[in-house]
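This briefing is for a reader meeting the structure for the first time. Please look at the sequence and the model before reading on.

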Amino acid sequence: MESVLYELFSGDYDITLKPDKKQQELCAQLCVEADKIQAAFGDAFLDRLCELEGEREDWRSYQYYRSGFLLGARLMLEALGL
């Protein structure tokens with residue numbers, strides 16, 4: 001049994017999400033489609049597409065982080081009765 005509290009305490013907690021079976025299947029399908037795009041449009045196009053997707057994902061991750069931080073702050077203020 002995994003103890004999240006112990007992992008947090010010991011500094012061993014890994015925030016990296018573990019992909020489930022559906023995510024792995026989707027990733028495999030995405031790779032097949034990316035190979036088709038690369039064959040049709042070339043390396044430069046696929047590289048730019050992946051670069052833009054990476055930037056979009058970074059921005060989305062930041063938004064999730066910011067929303068989570070705000071929620072955590074609100075919960076702490078509520079718990080402290082402020």
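The points below cover helices, a surface patch, cysteines, aromatic rings and salt bridges.

This is a predicted model, in which local features need pLDDT of at least 70 and side-chain atom pairs count only at pLDDT 80 or more, while totals for chains, interfaces and linings use all residues. Residues are numbered from 1 along each chain as its sequence is written, and side-chain values use heavy atoms, with hydrogens and water left out.

**Helices**

- Helices here are DSSP runs of H or I with at least four residues, numbered from the N terminus.
- Helix H1 covers residues 4–10 and includes Leu8.
- Helix H2 covers residues 21–41, which makes 21 residues. From its first C-alpha to its last, H2 reaches 30 Å, close to the 30 Å expected at 1.5 Å a residue. The expected span is 1.5 Å times one less than the number of residues.

**Surface patch**

- A nonpolar patch on the surface is formed by Val4, Leu5, Leu8, Tyr13 and Ile15, with about 560 Å² of accessible area together.
- Patch residues have over 30% relative accessible area and no salt bridge; like charges are joined within 9 Å, and nonpolar side chains (Val, Leu, Ile, Met, Phe, Trp, Tyr) within 5 Å.
- The areas come from the Shrake-Rupley method with a 1.4 Å probe, and for residues only the protein chains shown count as cover.

**Cysteines**

- A disulfide is a covalent bond between the sulfur atoms of two cysteines. It is counted here when a pair of cysteine sulfur atoms lies within 2.5 Å, and the count is zero.
- For Cys27, the closest cysteine sulfur is in Cys31, 4.5 Å away, which is too far for a bond.
- For Cys50, the closest cysteine sulfur is also in Cys31. That distance is 9.3 Å, again too far for a bond.
- Cys27 is partly exposed at 44% relative accessible area, and Cys50 is partly exposed at 47%. In these terms buried means under 20% relative accessible area, exposed over 50% and partly exposed in between, with a 1.4 Å probe and protein chains only.

**Aromatic rings**

- The whole structure has four aromatic pairs. Among them, Phe41 and Phe45 have ring centres 4.9 Å apart and planes at 35°, so this pair is tilted.
- Rings of Phe, Tyr and Trp (its six-membered ring) pair if their centres lie within 6.5 Å; planes under 30 degrees apart count as stacked, over 60 as edge-to-face and the rest as tilted.
- Phe41 is exposed, at 57% relative accessible area, whereas Phe45 is partly exposed, at 41%.

**Salt bridges**

- There are five salt bridges in the structure, each a side-chain nitrogen of Lys or Arg within 4 Å of a carboxyl oxygen of Asp or Glu.
- One of them joins Lys18 and Asp14, at 3.5 Å from N to O. Lys18 is exposed at 59% relative accessibility, while Asp14 is partly exposed at 41%.
- Glu51 and Arg48 meet in a salt bridge of 2.6 Å, N to O. The two residues are three apart in helix H3 (residues 43–79), so about one helical turn separates them. Glu51 is partly exposed at 44%, and Arg48 is partly exposed at 42%.
- Arg56 forms a salt bridge with Glu53, with the closest N and O atoms 2.7 Å apart. Arg56 and Glu53 are three residues apart in H3, so about one helical turn lies between them. Arg56 is partly exposed at 44%, and Glu53 is partly exposed at 37%.
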